[in-house]
Amino acid sequence: LVDPGDEVVLLEPFFPLYRPVVAWVGATVVPVTLNPPDFEVTEERLRAAMSERTRLVVVNSPHNPTGHVLRADERAVLERVLEDFPRARILADEVYENCVFPGVEHVPLAASDVLWPRTLTLGSASKLLSLTGWRVGWMCGPEDMISAVRTMHQNMSFCAPTPLQTGVHAALAHSETY
């Protein structure tokens with residue numbers, strides 16, 4: 001998905017592990033600062049960060065640490081901007097999908113017909129099911145993108161411990177909200 005010399009757009013502030021992972025693959029971080037008080041993604045700032053070398057835009061919504069959840073107009077910004085950059089894809093870090101303020105709705109980026117073909121969605125039992133420390137997660141997306149991730153993942157880690165996978169399965173099966 002990302003090669004040496006490519007660029008990765010990160011919405012700032014971002015998860016501290018993102019920067020070293022981008023550096024590890026030889027790519028360059030291009031930050032887009034989300035400013036208080038609303039922390040919104042603007043078309044002007046996103047477009048200014050994009051280039052022909054942009055291969056990935058990492059979007060964390062609901063956003064940690066701000067709590068901001070992308071609104072429909074911000075999802076439309078992503079759709080418009082990414083249409084002009086056909087080689088760019090999205091990593092939708094949605095591990096906090098159920099951590100929203102009352103009256104706020106989280107809509108997955110992959111729910112968009114425009115964004116689905118280029119979006120990998122990351123989920124985590126740690127946040128979704130309050131199973132912190134278990135480090136069991138998943139990624140969903142189009143087969144071509146999942147195949148690339150699967151190839152990398154199988155060579156980085158074998159698997160999560162079986163009892164933790166079984167525990168997450170049971171928690172998901174009995175969750176009223178998932």
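**Close-up views of cysteines and salt bridges**

**View A. Cys140 is partly exposed, at a relative accessible area of 44%.** This is a predicted model. The closest cysteine sulfur to that of Cys140 belongs to Cys99. A search of the whole structure finds zero disulfides. Cys99 is accordingly in no disulfide. Its relative accessible area is 43%, so Cys99 is partly exposed.

**View B. Arg55 and Asp6 form a salt bridge through their side chains.** The N to O distance is 3.9 Å. Arg55 sits in strand β3 (residues 54-60), and Asp6 in the segment before β1 (7-12). They are 49 residues apart, so distant parts of the chain are linked. Both partners are buried: Arg55 at 9% relative accessibility, Asp6 at 10%.

**View C. Glu7 meets Arg53 in a salt bridge, 2.6 Å from N to O.** Glu7 belongs to strand β1, and Arg53 to the loop between α2 (43-49) and β3. The pair therefore ties together parts 46 residues apart in sequence. Glu7 is buried at 9% relative accessibility, whereas Arg53 is partly exposed at 42%.

**View D. Asp84 and Arg47 form a salt bridge, with their closest N and O atoms 2.7 Å apart.** Asp84 is in the loop between α3 (72-83) and β4 (89-93), and Arg47 is in helix α2. The partners are 37 residues apart. Asp84 is partly exposed, at 45% relative accessible area. Arg47 is partly exposed too, at 30%.

**View E. Glu40, Arg71, Asp73 and Glu74 join into one network.** Salt bridges with shared partners connect them. The structure holds nine salt bridges.

Note on methods:
Residues are numbered from 1 along each chain as its sequence is written. This is a predicted model: local features need pLDDT of at least 70, side-chain atom pairs count only at pLDDT 80 or more; totals for chains, interfaces and linings use all residues. Side-chain values use heavy atoms; hydrogens and water are left out. A disulfide is a pair of cysteine sulfur atoms within 2.5 Å. Buried means under 20% relative accessible area, exposed over 50%, partly exposed in between (1.4 Å probe, protein chains only). A salt bridge is a side-chain nitrogen of Lys or Arg within 4 Å of a carboxyl oxygen of Asp or Glu. Helices (H or I, at least four residues) and strands (E, at least two) are DSSP runs, numbered from the N terminus.
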